[in-house]
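Let's take a walk through a protein model together. Keep the picture open as you read, and find each residue as it comes up.

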Amino acid sequence: MDVEKTTKTFTKKKSSCHSNKIITCVFLLLLIPIVVHLQVSPFYFFNKWKGIALDASAGPSISKNTDGLISKLRESVTFLPLKDLRFAETAMEGNTWFMSSLNDTHEANEAEYLYFPSQMSKGRLLCIKGRHATDGTKNSYALVWPETLPDSATLMKGLTFVSDTFYDYGNLWHGLTGMAPFVGWSMKNKCLNPTRWVLFHWGELRSKMGSWLQHLMQANFGDVKIEGFGGDGPYCFEKAVVMRHNEGSMGKERKLQVFDLLRCNARRFCGISPEGKGQETNERGEPIIRLTLLMRTGSRSFKNASAVTDIFARECAQVEGCTFKVAQSENLSFCDQVRVMTYTDVVASPHGAQLTNMLFMDRNSSVMEFFPKGWLELAGVGQYAHHWMADQSGMNHRGAWWDPLDKKECPFPQQDLDCFNFYKNGKVGHNETHFAEWARIVLDQVRISKMQIATRSPTNKPQPNSIACKC
């Protein structure tokens, strides 16, 4: 009888084991397509089940250990200086001196950037501590897992744009080169808008943008909230995009798209319709050419503004269909500047931030630029900033004139930097013969170009710039 009972028991166990194997096989067959579809490791499920089993068996002890681990992770968060002086000589290169421990994400045609949380950050959030405006080494950053934020941390919900620039946010051109990468990133990411901006200059916190730049960003993204931080923090960001190279490696095609979008949104923000420009040719088929002399006061203004005005007015009057306008940049609101440049085909202006307004002209418009004495020999590549911008925004830079004369001579002929600073903010003279001939050449080039466009487009309507208002 004992043998019989043992045999039956063994048979039942064997049968039960066989049934368990069948169930396990069926379960695995059902699990495989789920794993493939979700693209996760089978160990994910194993670890989840293991955790549930341990929690069920161990109870409060596991929970206590987990709390202890989280507490230790909170206490072990290490903040590093935002500004790393080891990279002071190469501040705009490589890893740069801003968040120097982190490597940028590089994508074809795009400016390099950092995004948090991401695979690069291993799912960790960006946290910033400190709000020093004069010493970036006293501000710091850290990467922290969402579950282990420091006890004193404030979590900033939404998307934050974090900018560090080597230049500033007040100058039109400097500010634009710092903001353009964010516009490009947004275009590529379903036109996402930031909840807030955090601005740094050399790792030092800045609380505002220049008025022109803020209006341009408002036209593109809506209300601009610049975070000043109410205390030393730390402040952690639910999502953050960091740009620290200005336009960096952004390709020409992306720059054209960014400037098209900014132009379109600025016009829309200011209630300006491109169709409002009217006919591009007159009743005799001659193209309408709008020439604007964009003036500035103070440094790099014309010594004899009235003489320069007379030269351009006279040359414009000799070209049928040419209209002439003089605008003083300092007297114009943001929307006034957008409006003036929307109705400009040729802008002539001294070198300066006001030339950044070429952004608002139609593609293929023309730029004429003037410099004081000393710039050609001493200014270096920086004097070509508006030449670059014209190329990047689809304009034609029609050359520049460098004043060869000045009553004052540099007292430091052997010291280039001192000499440049001596000439930098000088005023621009004029050469009547050269200016008149140059104006005739440019106006003729524009006339021919417009006639060719009119021939291809007999409807006599302004042509769209591209798929500009994507966002």
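To talk about what is inside and what is outside, we call a residue buried when its relative accessible area is under 20%, exposed when it is over 50%, and partly exposed in between (1.4 Å probe, protein chains only). Helices (H or I, at least four residues) and strands (E, at least two) are DSSP runs, numbered from the N terminus. This is a predicted model, where local features need pLDDT of at least 70 and side-chain atom pairs count only at pLDDT 80 or more, while totals for chains, interfaces and linings use all residues. Residues are numbered from 1 along each chain as its sequence is written, and side-chain values use heavy atoms, with hydrogens and water left out.

Let's start with helix α6, residues 252-269. Of its 18 residues, 13 are buried, so the rest of the structure largely encloses this helix.

Now look at who α6 packs against. Helix α5 (residues 211-221) meets α6 at an angle of about 90°, with the axes 8 Å apart. Axes here are lines fitted to C-alpha atoms, for helices over the stretch in contact, and angles run from 0 to 180 degrees between N-to-C directions. Angles under 35 degrees count as roughly parallel, over 145 as roughly antiparallel, 65 to 115 as roughly perpendicular and the rest as oblique, so α5 and α6 are roughly perpendicular to each other. The contact residues divide into 7 nonpolar, 4 polar and no charged. In that count, Ala, Val, Leu, Ile, Met, Phe, Trp, Tyr, Cys and Pro are nonpolar, Asp, Glu, Lys and Arg are charged, and the others, Gly among them, are polar.

Helix α6 also holds D260, whose side chain meets that of R363 in a salt bridge (2.5 Å, N to O). A salt bridge means a side-chain nitrogen of Lys or Arg within 4 Å of a carboxyl oxygen of Asp or Glu. Is D260 buried or exposed? With 2% relative accessibility, D260 is buried, while R363 is partly exposed at 26%. Salt bridges with shared partners join D260, R263 and R363 into one network.

The whole structure has 21 salt bridges. One of them pairs D151 with R74, with 3.7 Å between the closest N and O atoms. These partners sit 77 residues apart, D151 in the loop between β4 (140-144) and β5 (154-165) and R74 in helix α3 (residues 60-75). D151 is exposed at 72%, and R74 is partly exposed at 30%.

Most residues other than glycine have a negative phi, and most peptide bonds are trans. N246 is not a glycine, yet has a positive phi of about 55°; this residue lies in the loop between β8 and α6. The peptide bond from F116 to P117 is cis, with omega near -10°, and another cis bond joins G233 and P234, with omega about 10°.

Conventions
The expected span of a helix is 1.5 Å times one less than its number of residues.
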